Amino acid sequence: TGTCGQTAHTVEVIVEIYPKYFKSAITAKPHVNTLGTLKVDGRDYDQNENIIPNQGGLAILSTQAITRGGSSKYGGTNSLGQDFAPSTSFDPSLIEENAQFDGGFPSSPDAMLGVNDGTLKAIAQSGVGGSQYATDPSDIHIPLRGVTYLELPNNGTWNAPNFTYCHCGFDYNSFGVLVVHNANGNARLKNMRGNFYGVIIADDVDKIHGKVTGNVTVIGDSPRGNCIGNGTGEVHYSSYFIMQALSGQLNNSPKIVSWWE
């Protein structure tokens, strides 16, 4: 809205603010199995972690099967804009199994974000905005910022990282884009703890015990663990933190879809 003297003019714009693939709290190429009390919520959480009604996404989207076990719960927003709180007896409209992707499921973290191959690794190696690149998890410094790219060896695992750094009575959480990947597609993020805000893309995610607000994407073919979460972890969908993660070093600016005056 713009005002000049006694005259005001309003233009309403619809924009696409993140890649089309992020339609759920968890996006996965392989099957997804949840156990324990893992809570997966596709309702849209804002920057203060309050729910924005009726504009979220699915709990889980997978190109294969989705199996809910234990006391794990799914919530989200269906295609009609109806919100559902997480429940063990979740509404079936909150998940999508055997999902189809135009051209197939993205084959790399860069493809998932719609950027050129090598972009994420180059940003991480540049160190801009606190970005980090490593081939050994012990070289990664917490809390994370910018783009963090961990390129593990064949069948490598980053085990039990805590994404919240505690110092002098204060907690410092991690933000941005985290990639755990290798050329074989079998790099594993396992037993993650603490709080992460943004986008996690990994070949394999094994047992979430912390909280992710944004999106978790699994791009590998075959998980080595028996479930994506079996403890008290949480994954909350957040268009705000997805946008924040992708609009910094990646310069993924909003795209105008349509407008009216």
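Analyst: A residue is called buried here when its relative accessible area is under 20%, exposed when it is over 50%, and partly exposed in between. The model is a predicted one, and every value below is computed from it.

Start with the rings. The structure contains ten aromatic pairs. One of them joins Phe101 and Phe105, whose ring centres are 4.8 Å apart with 70° between the planes, an edge-to-face arrangement. Phe101 and Phe105 are both buried. Another pair is formed by Trp158 and Phe163: the centres lie 5.6 Å apart and the planes meet at 75°, so this pair is edge-to-face as well. Trp158 and Phe163 are likewise both buried. Beyond these pairs, Phe175, Tyr197, Tyr240 and Phe241 are linked by ring pairs into a cluster.

Next, the strands. Strand S19 covers residues 174-181, and because seven of its eight residues are buried, the strand is largely enclosed by the rest of the structure. Strand S15 (residues 147-151) pairs with S19 in the parallel sense, over five bridges. Within that pairing, Val147 has Val177 of S19 as its bridge partner. S19 also pairs with strand S21 (residues 195-202), again in the parallel sense, over seven bridges. Here Leu178 stands opposite Ile200 of S21.

Now the charged side chains. In general, side chains of opposite charge can pair when their charged atoms come close. Across the whole structure, a search finds seven salt bridges. In one of them, Lys39 and Glu234 bring their closest N and O atoms to 3.5 Å. Lys39 belongs to strand S6 (residues 39-41) and Glu234 to strand S24 (residues 234-237), so this bridge ties together parts that are 195 residues apart in sequence. Lys39 is partly exposed at 25% relative accessible area, and Glu234 is partly exposed at 24%.

The salt bridge between Asp41 and Arg43 has an N to O distance of 2.8 Å. Asp41 is buried, with 0% relative accessibility, and Arg43 is buried too, at 15%.

Lys211 and Glu49 form a further salt bridge, with 2.7 Å between the closest N and O atoms. This pair connects distant parts of the chain, 162 residues apart: Lys211 sits in strand S23 (residues 211-218), whereas Glu49 sits in the loop between strand S7 (44-45) and strand S8 (51-52). Lys211 is buried at 18% relative accessible area, while Glu49 is partly exposed at 26%.

A disulfide is a covalent bond between the sulfur atoms of two cysteines. The cut-off used here is a pair of cysteine sulfur atoms within 2.5 Å, and the count by that rule is zero disulfides. Cys166 is exposed, with 53% relative accessible area. Cys4 is exposed as well, at 64%.

How values were computed. Residues numbered from 1 in each chain as written. Predicted model: local features only at pLDDT ≥ 70, side-chain atom pairs only at ≥ 80, totals over all residues. Heavy atoms only, no water. Buried < 20%, exposed > 50% of the residue type's maximum accessible area, 1.4 Å probe, protein only. Salt bridge = Lys/Arg side-chain N within 4 Å of Asp/Glu carboxyl O. Helix = DSSP H or I, 4+ residues; strand = E, 2+ residues; numbered from the N terminus. Pairing = 2+ DSSP bridges. Phe/Tyr/Trp six-rings, centres within 6.5 Å; stacked < 30°, edge-to-face > 60°.
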